[in-house]
Amino acid sequence: MSEEMDVLQRIKDLCRERNYSYYELAKRSGIPYSTLNTLLLKGAQPSMPTLKRLCAGLGISLQQFFAGEDEATILTAEQKECLSLFNVLTSEEQALAIAYMKGLAHRL
């Protein structure tokens, strides 16, 4: 991404990619919806602790947030562990794991 990233636009883009409403992101992040709404509507920049919580709610690290789409994919330790475990499963077990994760993601 460019040196001067539009942090708020990046948050909006990531919500759109994940099909999250702002309310859902606030819930997943553990921050008040009013705080997120104020950031996005009034253009205020989030503090670093708020941005960390938003990243957690989006399921990414700060490094991934700032790397953007143009950079190589950077995985968190948890994501690497999931891939490592996934790779030792049979194809049938992988299909079940994917179905289970999809079910978990849709219930939130």
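A search of the whole structure, a predicted model, identified 3 salt bridges. A salt bridge was defined as a side-chain nitrogen of Lys or Arg within 4 Å of a carboxyl oxygen of Asp or Glu. Residues are numbered from 1 along each chain as its sequence is written, and side-chain values use heavy atoms, with hydrogens and water left out. In this predicted model, local features need pLDDT of at least 70 and side-chain atom pairs count only at pLDDT 80 or more, whereas totals for chains, interfaces and linings use all residues.

Asp13 and Arg16 form a salt bridge with an N to O distance of 2.5 Å. The two residues lie 3 residues apart in helix H1 (residues 7-18), a separation of about one helical turn. Helices (H or I, at least four residues) and strands (E, at least two) are DSSP runs, numbered from the N terminus. Asp13 is partly exposed, at 25% relative accessible area. Arg16 is exposed, at 56%. Here, buried means under 20% relative accessible area, exposed over 50%, and partly exposed in between (1.4 Å probe, protein chains only).

Glu17 pairs with Arg18 in a salt bridge, with the closest N and O atoms 3.8 Å apart. Glu17 is partly exposed, with a relative accessible area of 46%. Arg18 is also partly exposed, at 26%.

Glu24 and Arg28 are joined by a salt bridge in which the closest N and O atoms are 3.0 Å apart. Both residues belong to helix H2 (residues 22-29). Glu24 and Arg28 are 4 residues apart, about one turn of the helix. Arg28 is partly exposed, with a relative accessible area of 26%.
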